[in-house]
Amino acid sequence: MKGSVCHELETGLPAAEVWEVYGGFLVAQLLPQLVPEVFSKVELVEGDGGVGSVLHGRIHERKFIKIDNENYIKEAEVIEGGFLDQGFKKYVVRIEIIGKTDNSSVLRSTIEFEAEDASKASSVSTGGLAAIAEAVTKYMREQRSSAEPEQVPRQTSDEETF
């Protein structure tokens, strides 16, 4: 049985900024800090973070099979452990950053799978991806607001200084 599930999150951030985190290895480095309940550890075991790179997590290994820097799409396939040990033939996670306006984007997380048994499909959930998307977006907003200079009230005349 083949299937897919999807989660979307409105980020309130420009697509290019979100891609700066998701497009490379930075998101993997942030995960143990931001969502330890989902990813307690992530290590790069092969490659440089680009296509063909392999990440080892707590229960599985994923290989980046697509990174499209123009359309902001990244795909990783589970190649060992995790869902493959539970009767799945294929398990691919696709992250897409879709620009809505200059200052807004949608983070779409999709899981495409192929299971030996149709009953396995009910175990596929975007809950972990949703938690990651929310935590990373929150982190990015906090970093953005702390980087913005404080607004100092301007004086409009000398009389206001007294």
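Predicted model: local features only at pLDDT ≥ 70, side-chain atom pairs only at ≥ 80, totals over all residues.
1. The C-alpha atom of L55 is separated by 5.7 Å from that of V45, although the two residues are 10 apart along the chain. Once neighbours within four places in sequence are left aside, the contacts of L55 are F25, A28, V42, E43, L44, H60, E61, R62 and F64.

2. The largest nonpolar core has 38 residues, and the members that touch the most others are Y22, Y91, I97 and V136. Two or more residues of this core come from each of α1 (15-22), α2 (26-34), β4 (60-68), β5 (73-81), β6 (88-101), β7 (104-115) and α3 (127-147). The most is given by α3, with six residues. For V136, again leaving aside neighbours within four places in sequence, the contacts are V21, Y22, V27, L31 and L34.

3. Helices α1 and α3 pack with their axes 11 Å apart and at an angle of about 115°, which means that α1 is roughly perpendicular to α3. The crossing of α1 past α3 is right-handed. On the α1 side the meeting residues are E17, V18, V21 and Y22, while α3 brings I132, A133, V136, M140 and R144. By class, the residues of this contact are seven nonpolar and two charged, with no polar ones.

Note on methods:
Residues numbered from 1 in each chain as written. Heavy atoms only, no water. Core = buried A, V, L, I, M, F, W, Y, C linked by side-chain atoms within 4.5 Å. Buried < 20%, exposed > 50% of the residue type's maximum accessible area, 1.4 Å probe, protein only. Helix = DSSP H or I, 4+ residues; strand = E, 2+ residues; numbered from the N terminus. Contact = heavy atoms within 4.5 Å. Axes fitted to C-alpha atoms, helices over the stretch in contact; angles between N-to-C directions. Parallel < 35°, antiparallel > 145°, perpendicular 65-115°, else oblique. Left-handed = near helix turned anticlockwise from the far one by under 90°. Nonpolar A, V, L, I, M, F, W, Y, C, P; charged D, E, K, R; others polar.
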